[in-house]
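I am opening my notebook on this structure. My entries follow the order in which I looked things up.

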Amino acid sequence: RPNFCSDTSWNFLSFRRLCQDTQEDGNASPIYDCSDVHRWQTYSQWRNKICCSQVPEFRRVNSCQNDSVCVDDPLIEKIIREKLIGAFELEYGYIPPTKQLKGQLLMNASLQEEIDHEHPLDLFNEFANSQKVSPHNRYKPESSQTWTSTPGCCKCQRHSMPAFFETNSRVSGFPDDKHQTIQLAISALAKIELTIVVELLHGTYYSDFSEYFGEMDKTMLRVHSPSRFAEDYEQATWLAVIEQSNFDKMNIDLPLNLPTHIAENGMKEIETRFLVDRPSNISIGDHRVASAFEKETKYDDGRFNSLSHPTSDPIDSVREEDEWWPHDFLA
């Protein structure tokens with residue numbers, strides 16, 4: 001999570017809105033950020049103050065009216081833009097618009113959302129506090145209140161995943177073997193609360209990602225428990241018991257599916273919370289998949305992706321030696 005969970009402070013954000021005014025000649029103005037309306041108002045108040053404060057740049061120039069309003073003169077605006085605008089930018093953190101705007105909302109959903117934007121976070125405006133009125137000043141970052149994250153995502157601990165997600169193979173013209181239906185099997189070993197997070201790592205696929213997990217929602221969930229022989233099947237689970245004496249007597253290797261996981265420090269540890277697996281044959285993992293998806297999908301350019309692509313864990317990552325036995329599974 002390089003953006004949301006690194007040692008970075010975040011300012012208050014708000015998704016920008018686009019405006020486009022109808023001009024006096026009936027033509028449409030260029031599209032602009034609606035927040036420029038407030039920015040012009042702030043600049044107008046600052047300009048009145050400057051015009052009426054007898055700054056050296058306005059010497060011998062009638063710049064202030066009796067009501068403490070700046071004289072509407074192109075010469076005065078030129079002096080401000082050429083000699084004084086730097087003081088405004090330093091105080092407020094932005095360069096103001098060059099003219100007053102009406103703030104007429106652009107009635108175009110595709111332009112407003114811009115779902116194909118390569119960097120979606122750039123579509124947000126930064127503000128100094130939770131009221132989201134004053135923009136964040138990059139020259140005075142200490143004047144902004146830092147957005148405080150609530151406990152949740154950043155406290156999540158990533159769980160080690162099956163080899164399929166840690167490796168990559170080229171399949172039928174694709175740069176990876178992930179262009180297929182993907183299934184996970186999660187087995188609880190204790191009473192836990194899981195948060196399943198799917199992260200998009202490239203803005204090019206923003207619209208496809210939104211469609212798949214949003215409006216079309218092609219995901220499927222199945223909760224399976226031993227209900228046929230357990231009275232309280234909501235809390236029941238399967239349990240396999242192995243005895244060291246049997247393995248010593250028959251001189252056989254330990255099973256390759258022992259409950260272990262790779263910790264953040266890279267060491268292998270006994271898993272006491274839940275197990276994550278990826279069935280290579282997804283039609284066996286959930287029978288509904290076989291009827292919901294074709295066995296393979298063919299593309300116009302001749303490429304195809306299969307319903308399932310087997311991936312084996314490296315033998316050294318699943319094979320255990322005799323020193324594995326002393327682990328305390330009830331800890």
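Are C19 and C34 buried or exposed? I found that C19 is buried, and C34 is buried too. I call a residue buried under 20% relative accessible area, exposed over 50% and partly exposed in between, with a 1.4 Å probe and protein chains only.

Before going on, I noted what I am reading. This is a predicted model, where local features need pLDDT of at least 70, side-chain atom pairs count only at pLDDT 80 or more, and totals for chains, interfaces and linings use all residues. Residues are numbered from 1 along each chain as its sequence is written, and side-chain values use heavy atoms, leaving out hydrogens and water.

**Disulfides**

I looked for disulfides, meaning pairs of cysteine sulfur atoms within 2.5 Å. The count came to three. I read 110° about its S-S bond, a right-handed link. C19 sits in strand β2 (residues 18-19), and C34 in the loop between β3 (32-33) and α1, 15 residues apart. Helices here are DSSP runs (H or I, at least four residues), as are strands (E, at least two), numbered from the N terminus.

Next I checked C51 and C70, also joined at 1.9 Å from S to S. The torsion about their S-S bond is about -45°, so this disulfide is left-handed. C51 lies in helix α1 and C70 in the loop between α1 and α2, so the pair ties together parts 19 residues apart in sequence. Both C51 and C70 are buried.

Then I turned to C52 and C64, with S to S at 1.9 Å. Their torsion is about 90°, so the disulfide is right-handed. C52 and C64 both lie in the loop between α1 and α2, twelve residues apart. C52 counts as partly exposed at 29% relative accessibility. C64, at 27%, counts as partly exposed as well. Counting bonded cysteines along the chain, I wrote down the pattern 1-2, 3-6, 4-5.

**Helix α2**

Where does α2 bend? It bends by about 70° at L84. I took the bend as the angle between axes fitted to the seven residues ending there and the seven starting there.

I listed the buried residues of α2, among them I76, I80, L84 and F88. What covers the buried residues includes α1 (36-51), with contact meaning heavy atoms within 4.5 Å.

Last, I looked past the end of α2. There I found G93, whose phi is positive, near 90°.
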